[in-house]
Amino acid sequence: MAKSLIWDAAAREHEMRESDHSQTPKERTILVLGNKNSGKSTILARFMDRTEERRPTTGLEYVYTRRATQNLGRDVAHLWELGGGSSLADLIDIPVKTSNIATFSVVIVLDLSRPEEMVVIFDELMTKVRSTVKAVRNQLKQQQAREVLNELHKTAWGKFGGDHPDKDLLAPLEVPLVILGSKYDLFRKLDLEKQKVICSTLRFLAHTNGASLQFMSAMSEGLVLRGKTILNHLAFGLPQSRQVLNDVDKPLIIPAGADSLGAIGPPPTLGADAHIQGKKPIDLWKNIFSAFFPQVTTKADTTEAPAADPQYAEAVVDEMRKQKDQELLRYKQATEKAAKEKERQQAAQGGSSSSKTPSKAADSGAARTPHGASAAKGKSKHAGTARQASNRPRQPS
């Protein structure tokens with residue numbers, strides 16, 4: 001009887017867990033982009049509590065992390081990191097699919113200590129992200145996946161509410177977007193006026209794109225904890241802090257939808273003599289920021305061979321690669337040796353042929369001379385006979 005009651009209780013517990021979809025293990029995907037050497041790898045390592053030394057990302061790298069759930073399952077977060085700044089932006093297409101777009105998030109890391117790269121990097125990356133999300137959305141339209149499309153629309157506009165004063169001036173991304181300003185410790189060393197320009201411009205970019213904005217530094221445990229909080233929200237759906245800090249003297253924390261154009265204020269001014277224009281407000285802000293900090297484009301460093309990097313070492317694969325490299329070397333050496341031998345043989349045959357040609361010509365000339373003389377002699381004899389015959393008197397018929 002007791003055994004029956006235990007099994008009945010276990011069955012009811014199983015049914016409750018099956019019916020409670022909120023406890024079903026979930027999978028989410030985060031794509032991390034940004035400046036080269038902006039601290040993307042460090043941010044992910046701190047988020048996963050890894051302490052090993054990180055090397056610069058050479059392409060598109062993938063890792064995953066898991067978190068235990070209440071029903072003894074594990075939620076999974078797929079983490080993609082794109083290295084090289086915007087030079088490898090075409091690889092953004094790889095992790096974004098129709099199957100994961102509803103649980104997909106983007107994190108753009110911008111180095112606060114290098115404002116001369118900030119706007120151009122953000123613009124290039126956001127252009128590619130938007131085109132990729134739009135392509136996936138078009139595929140969903142063709143598949144008539146209305147539920148997913150409605151979810152994307154809700155993600156884009158739900159955080160603003162129906163009565164937000166800036167609603168008609170915004171173009172929020174249809175997946176969650178976070179802008180992380182890294183190296184806040186170095187940013188604090190900049191001139192105060194430059195700090196104000198950077199803060200107001202990033203607030204404008206974040207607000208108009210529907211992004212959360214947060215400053216952090218690997219040198220501050222408090223800021224690292226704040227960064228982990230927002231990544232936990234994206235990766236595992238944990239509650240996000242609604243704290244708002246928009247004072248330039250403090251590290252900014254502004255959740256998506258919590259800012260406004262009125263609070264941000266007008267673009268910075270360069271002076272009475274400066275006349276900077278833009279077709280749209282976003283163009284005006286970018287142009288003014290570029291006037292303060294002329295933008296430069298960085299190129300990807302392709303001098304190092306990723307295959308030779310110790311962090312990618314795999315004993316079995318590396319041994320097979322070594323054998324194939326040796327086979328290739330032997331093949332090249334054999335091919336070069338055969339080509340040289342063929343050239344030597346051709347050169348030897350060419351010298352032999354040229355030495356034999358004059359003697360053949362002489363023999364041929366000697367053979368023709370008697371025949372030619374004989375022919376000429378015979379011709380002369382016949383001609384003389386013909387002349388003699390023509391000189392004879394004709395006999396009467």
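Start by selecting residues 177-182, which form strand 5, together with strand 6: the two pair in the parallel sense over five bridges. Keep in mind as you go that this is a predicted model. To see one of these contacts between the strands, pick Gly-181 and look across to strand 6, where its bridge partner is Phe-215.

Now turn to the other neighbour. Zoom in on Gln-214 and you will find Ile-253 of strand 7 standing opposite.

Next, select residues 211-215 on their own. Five of the five residues of strand 6 are buried, so the rest of the structure largely encloses this strand. In a regular strand, side chains alternate between the two faces of the sheet. Check each face in turn: Ala-211, Leu-213 and Phe-215 lie on one side, Ser-212 and Gln-214 on the other, and all are buried.

Stay in strand 6 and centre the view on Ser-212. Its relative accessibility is 6%, and with buried meaning under 20%, Ser-212 counts as buried. Which residues does Ser-212 touch, leaving aside those up to four places away in sequence? Show Leu-177, Val-178 and Ile-179, then Ile-230 and Gln-240, and finally Ile-254, Pro-255 and Ala-256.

Finally, zoom out to the whole protein, with its ten helices and seven strands. Of its 397 residues, 35% count as buried. Colour the surface by element if you like: the accessible surface comes to about 24,700 Å², and 54% of that belongs to carbon and sulfur atoms.

How values were computed. Residues are numbered from 1 along each chain as its sequence is written. This is a predicted model: local features need pLDDT of at least 70, side-chain atom pairs count only at pLDDT 80 or more; totals for chains, interfaces and linings use all residues. Side-chain values use heavy atoms; hydrogens and water are left out. Buried means under 20% relative accessible area, exposed over 50%, partly exposed in between (1.4 Å probe, protein chains only). Helices (H or I, at least four residues) and strands (E, at least two) are DSSP runs, numbered from the N terminus. Two strands pair if DSSP finds at least two bridges between them. Contact means heavy atoms within 4.5 Å. Accessible areas come from the Shrake-Rupley method with a 1.4 Å probe; for residues, only the protein chains shown count as cover.
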